[in-house]
Amino acid sequence: MINIIGAGLAGLSAAMTLAEKGMNCRLISAQPSERAQSVLAEGGINAALDTMGEGDDINLHFEETMKGGVMLADPNAVAALTGNAPAVVEKLCRLGVPFNRNADGSLMLRSFGGQKKKRTAFAKSSTGKMIMTALTDEVRKYENTGLVERFPHHTLVRLLIIDGSVSGVRIRDSYTGKMYDLAGPVIAAFGGPAGLFPSMTTGTVTNSGTAASVLFGQGVRFANLEMIQYHPTTMEIPGKRCLVSEAARGEGGRLFVRKDGFPWYFMEEKYPELGNLMPRDVVSREMYYVKSEYGDVFLDMTGISDDVWKNKLSDLRDEIMHYFSLDPKTDPIPVEPGIHYFMGGIYTDEHHRTNIPGLYAAGECACQYHGANRLGGNSMLGAVFGGMTAAESASRLPGLTDEIMETDPDDPVGGEVPAEFAKQVGKILSDGLGIVRSGDGIKKAADRLRVLKCSDAPEKLRKEFAHAMLLSALGRMESRGAHFREDCPDTTEIFSKTTVAEYIEGTVRITFEDIPERRNK
Amino acid sequence: MIIKLDIQRQRSSSEKPHIQSFSVDTDALASVAELLERINSEQIPDDPIQWERSCKQKKCGACAMVINGRPRLACDARVNEYPKGVIKLEPLKKFPVVCDLIVDRSIMFGHLKKLGAWLEGEAETRDNDISYEASRCLQCGCCLEVCPNFYPGGEFFGTAVLVPASRLIAQSPEEQKKRLYGEYGEHFYRGCGKSLSCKDICPAGIDTERLLVNSNAAAVWKRKYRKSKDSGPSE
């Protein structure tokens with residue numbers, strides 16, 4: 001029996017993979033799969049299928065993923081990801097994902113950031129929802145045969161660790177308040193810690209960051225926590241940032257500012273080859289600087305054809321019109337970078353194993369594949385393939401018992417952090433970990449965090465995890481990908497390493513570990 | 001503007017519900033979800049109103065509740081839609097209450113399981129457009145709330161199964177059709193009174209009438225997706 005925490009893309013993928021092997025698992029989530037953050041993913045999923053006649057191949061996908069991540073990802077893991085991407089997307093087709101198709105029936109691919117070839121398979125601009133529906137239905141088949149058991153309103157309280165290995169997990173039923181100890185290895189698939197930055201991300205409220213904080217406090221090692229992706233095009237809506245998919249630029253949208261009364265398409269002028277489709281870290285940084293000089297940045301989608309709006313971007317247009325009473329077909333829209341994805345997370349090897357035997361991690365909660373900056377279209381691929389890989393690894397040591405035991409309902413760990421405290425931590429973090437950072441700014445943020453009083457275990461854990469993020473950023477005395485420091489603007493060879501944060505005897509410790517060499521093909 | 005919120009509260013399903021009233025000063029474009037968050041953090045941090053939420057941009061269905069008598073997503077309902085300045089919040093009524101505005105919607109997922117809402121074998125790409133529309137279902141439960149034919153425990157499962165089933169009907173391999181069509185007939189077609197009250201209530205704006213017509217044509221009248229014409233157009 002294997003326990004999967006999280007029922008989004010990575011969790012569903014792991015459950016499906018285990019069930020296909022005839023192995024039992026429990027799928028534990030705060031809410032049903034329909035509420036997972038994965039349903040918000042819009043633009044698409046990358047695979048070098050080369051259906052657009054551009055001569056794409058898996059080696060180019062590998063190279064661009066590594067380059068986009070500024071050589072900080074594990075090359076063996078990335079080679080497996082990009083090499084298997086076509087098979088992953090073909091599998092999703094068999095499961096019924098209604099991807100857009102060319103006239104000849106082959107998959108239509110669109111352009112995405114940091115990629116010279118069309119490589120992103122998509123279903124209009126709701127690709128995440130479409131994949132989630134197909135996977136949810138597929139996993140239901142195995143729920144029916146008893147291979148998958150759902151715990152759909154349950155949250156992680158803590159890992160159960162005996163003699164340095166995970167023996168199970170303690171969960172809380174949020175409907176009854178009862179707690180249960182479930183035996184067996186654990187696959188963490190609970191998504192990125194959006195809740196560390198309340199109201200400042202494109203993510204969901206359910207991704208509270210609590211599970212990550214608990215695991216960190218229990219000695220699970222986290223990597224590259226300083227690598228936080230600001231998506232270039234987001235808009236503010238009540239209580240969060242609303243994503244304007246990269247597909248908007250992939251299909252022809254152009255960024256500009258007003259300079260001397262005229263629109264200046266700064267990305268096209270500065271980066272003639274990829275223009276508006278440079279990797280997200282580059283675009284967001286450019287937007288930050290041009291905004292400080294010329295004011296608001298706009299996204300001009302008025303040149304996109306009726307056909308593209310209708311068949312590829314209809315839901316994006318509906319959303320913008322709904323929230324902003326603006327029609328992007330006729331008017332440019334004001335956009336700002338917003339926190340969208342955490343490249344860092346639980347430190348995993350290429351098999352998605354962690355530093356604690358019996359614990360695996362996949363999806364956005366894990367640090368894998370994306371290095372210092374994730375390419376658009378690689379997150380869903382990483383979640384599906386990562387879930388499959390974690391499941392393969394976990395299946396080799398599935399645990400000996402499937403025991404469930406009701407337990408002490410008063411365990412203080414794993415509770416929610418009060419909104420006010422979370423907000424204070426979020427403000428400190430965002431001050432220290434903006435698009436453009438400095439050693440001084442990060443230090444000041446860390447000092448403010450240090451004196452923040454916490455009243456219980458969840459608050460203390462949140463604070464320590466936030467501290468680990470700041471210290472990771474402070475330790476990396478260079479600029480690379482999403483981590484840009486004005487006081488250390490260059491990328492340096494000595495930091496071609498993974499930042500590793502660990503909680504040892506009440507102290508956050510930061511070290512830098514070598515990235516594995518690429519094995520011969 | 002000042003808004004009065006009357007919120008139905010109960011600690012558990014066995015407790016008698018009561019109304020607790022709040023007054024909030026807000027701008028007209030705020031959502032009901034935002035007001036709930038503010039009330040909880042500013043007015044009653046020690047006894048917050050329990051409600052489910054996740055995406056806050058009407059893409060996940062978590063925050064469905066009855067707002068002034070109509071089932072809606074709290075993140076999608078704006079203050080300026082209620083010019084009288086009074087908003088009443090109640091839990092969805094066709095599901096058992098867990099606490100305050102949280103209801104246990106597991107019956108919907110049970111129905112999907114009972115219907116056999118999955119593909120046996122590989123999807124056949126017959127009708128991408130229908131499959132796309134049908135895959136957008138949030139499983140929020142708003143359609144069941146307004147349906148005159150749906151009641152919990154009955155054999156009619158309502159639009160919350162019609163929509164997902166429409167994808168499977170459009171994609172199911174030949175050998176799966178018989179069972180799926182049979183279940184669809186028993187748990188949807190036979191019980192649907194065609195009131196179409198679900199048509200305008202879906203927060204995702206799914207065209208339920210179109211899916212109904214299409215799925216009935218395939219599963220009941222056997223006019224679509226027949227072996228000899230299985231690659232034909234949808235309508």
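Helices (H or I, at least four residues) and strands (E, at least two) are DSSP runs, numbered from the N terminus.

This is a predicted model, in which local features need pLDDT of at least 70, side-chain atom pairs count only at pLDDT 80 or more, and totals for chains, interfaces and linings use all residues. Residues are numbered from 1 along each chain as its sequence is written, while chains are lettered from A and ligands numbered from 1 in the order in which they are written.

H4(A) is largely enclosed by the rest of the structure, because 15 of its 19 residues are buried. A buried residue has 20 or more other C-beta atoms within 10 Å of its own, an exposed one 12 or fewer, and a partly exposed one a number in between; C-beta atoms are placed from the backbone. Just after H4(A), A:Gly146 takes a positive phi of about 90°.

The contact between the chains takes 35 residues from chain A and 36 residues from chain B. Two residues are in contact if their C-beta atoms, placed from the backbone, lie within 7 Å. On the chain A side, H4(A) gives the largest share, nine residues. H4, strand S13 (240–243) and helix H12 (419–432) of chain A each supply at least two residues. That side divides into 14 nonpolar, eight polar and 13 charged residues. Here Ala, Val, Leu, Ile, Met, Phe, Trp, Tyr, Cys and Pro count as nonpolar, Asp, Glu, Lys and Arg as charged, and the others, Gly among them, as polar.

**A helix pair in chain A**

Helix H5 (residues 210–217) and helix H14 (residues 457–475) of chain A pack at an angle of about 85°, with their axes 8 Å apart. Axes are lines fitted to C-alpha atoms, for helices over the stretch in contact, and angles run from 0 to 180 degrees between N-to-C directions. H5(A) and H14(A) are therefore roughly perpendicular (65 to 115 degrees). Among the residues that meet are A:Phe216 in H5(A) and A:Phe465 in H14(A). The residues of this contact divide into seven nonpolar, three polar and two charged.

**Domains of chain B**

The domain assignment, automatic or from a database, gives domain 1 (2–103) and domain 2 (106–229) of chain B. Their centres, taken over C-alpha atoms, are 30 Å apart. In the contact, 12 residues of domain 1 meet 13 residues of domain 2. Strand S4 (residues 70–73) of chain B brings three residues, the largest share of the domain 1 side. That side has six nonpolar, one polar and five charged residues.

B:Val163 lies in helix H5 (residues 159–171) of chain B. Leaving aside neighbours within four places in sequence, its contacts include B:Ala134, B:Ile206 and B:Leu211.

**Positive phi and burial**

Most residues other than glycine have a negative phi. A:Asn224 and B:Leu196 have positive values. A:Asn224 lies in the loop between strands S11 (222–223) and S12 (228–237) of chain A. B:Leu196 lies in the loop between helices H6 (174–189) and H7 (208–220) of chain B.

| Residue | Phi | Other C-beta atoms within 10 Å | Class |
|---|---|---|---|
| A:Asn224 | near 50° | 30 | buried |
| B:Leu196 | near 55° | 14 | partly exposed |

Methods. Angles under 35 degrees count as roughly parallel, over 145 as roughly antiparallel, 65 to 115 as roughly perpendicular and the rest as oblique.
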